[in-house]
Amino acid sequence: MTRGSIRKYFDQYDNNCQVGSVIMLVLPLSRSQTMNTDNRITLFYSPQTRASGIRVILEELGAPYDLTVMNMKIGENRESEFLAVNPLGKVPTIRHHGSVITEQVAIAIYLGDLFPEAGLAPPVNDPQRGTYLRWLVYYAACFEPAVMDKFAQHEPSDPIQSVYGDFDSMLRTLETALADGPWILGERMSVADVLWGIALNWTMMFKLVPERPVFREFADRVTARPAFIKVAKEDERLAAEHQAVADQRTP
Ligand SMILES: N[C@@H](CCC(=O)N[C@@H](CS)C(=O)NCC(=O)O)C(=O)O
């Protein structure tokens with residue numbers, strides 16, 4: 001696929017087309033089927049990445065969305081067309097009503113608020129709104145930096161300078177928040193749970209986070225849900241397709 005043809009693809013992205021290895025999947029609509037088509041969300045996507053969690057959230061919300069799938073294994077996310085959308089070349093990225101939104105936590109907050117009828121985001125004047133935002137932002141502000149430092153085997157900084165203090169305190173704080181359950185807001189499930197369940201599942205799999213019962217049970221609750229199962233299955237298929245394309249290119 002040439003750069004020109006990718007450009008053409010992006011220009012006609014709402015035509016439900018499939019061009020080369022960049023695929024546009026228009027998914028069956030569910031709860032929000034009756035919504036105006038202008039409300040459709042485009043999710044720039046690669047399988048088995050942070051974008052998968054956002055797709056699970058879209059499924060949980062019953063949101064109308066289209067995927068623009070990019071094969072990261074051959075660097076499609078680093079083509080100029082996508083860099084014009086998100087200069088970092090990262091997924092998840094969404095486009096909605098002409099605006100581009102990046103960063104998974106910002107996207108999660110945005111989507112939860114966009115579909116209040118799904119009941120997965122406490123509204124602004126709800127007493128649980130602050131707790132909800134706290135744990136969503138904790139993910140990006142504390143958990144991810146801590147886990148990525150561990151992954152990269154960085155020497156821990158002085159806890160006073162570190163944005164997350166130290167790894168063990170960061171994790172213990174999260175564990176305490178999840179301990180009562182079943183969800184982070186108690187009996188009320190929210191978008192934050194989807195994000196955390198998937199993140200814990202991945203990070204325990206890669207042994208970056210220890211397999212503590214609270215984390216395991218929490219992750220299992222999220223990954224047993226139909227939305228997660230559907231996305232994981234589809235991701236497996238897409239990832240295999242992408243790998244096959246990448247293998248063909250390797251001499
Ligand atoms: N800060 C971003 C991180 C997104 C991110 O790192 N995405 C990875 C996939 S999990 C990516 O797109 N990597 C591809 C690349 O940089 O080429 C967020 O919170 O959404």
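Let's start with F82, which sits in helix 3 (residues 80-85); helices here are DSSP runs of H or I with at least four residues, strands are E runs of at least two, and both are numbered from the N terminus. This is a predicted model, where local features need pLDDT of at least 70, side-chain atom pairs count only at pLDDT 80 or more, and totals for chains, interfaces and linings use all residues. Residue numbers run from 1 along each chain as its sequence is written.

F82 counts as buried because 22 other C-beta atoms lie within 10 Å (the cut-offs are 20 or more for buried, 12 or fewer for exposed and partly exposed in between, with C-beta atoms placed from the backbone). Leaving out residues up to four places away in sequence, F82 touches F44, M70, N77 and G89, where contact means C-beta atoms, placed from the backbone, within 7 Å. M70 is twelve residues from F82 along the chain, and their C-alpha atoms are 9.2 Å apart.

## The whole protein

Nine helices and six strands make up the secondary structure. Of the 251 residues, 33% are buried. Among contacts with a separation of 6 or more, 63% join residues 24 or more positions apart.

## Helix 2 and its partners

Helix 2 (residues 50-61) packs on helix 9 (residues 226-249) at about 135°, with axes 9 Å apart; axes are lines fitted to C-alpha atoms, for helices over the stretch in contact, and angles between N-to-C directions run from 0 to 180 degrees. That angle makes helix 2 oblique to helix 9 (under 35 degrees is roughly parallel, over 145 roughly antiparallel, 65 to 115 roughly perpendicular, and the rest oblique). On the helix 2 side, the contact uses S52, R55, V56, E59 and E60, while helix 9 brings A227, F228, K230, V231 and D235. By class, that's four nonpolar, one polar and five charged residues (Ala, Val, Leu, Ile, Met, Phe, Trp, Tyr, Cys and Pro are nonpolar; Asp, Glu, Lys and Arg charged; the others, Gly among them, polar).

Helix 2 also meets helix 7 (residues 191-205), with axes coming within 10 Å and crossing at roughly 145°. Here G53, V56, I57 and E60 of helix 2 face V191, V194, L195 and I198 of helix 7. The class count is six nonpolar, one polar and one charged.

## Around the ligand

The ligand's shell holds T49, R50, M72, N77, R78, G89, K90, V91, P92, E103, Q104 and A140, each with its C-beta atom, placed from the backbone, within 6 Å of the ligand. The shell splits into four nonpolar, four polar and four charged residues. Two of these names, N77 and G89, also turn up among the contacts of F82.

Conventions: Contact = placed C-beta atoms within 7 Å.
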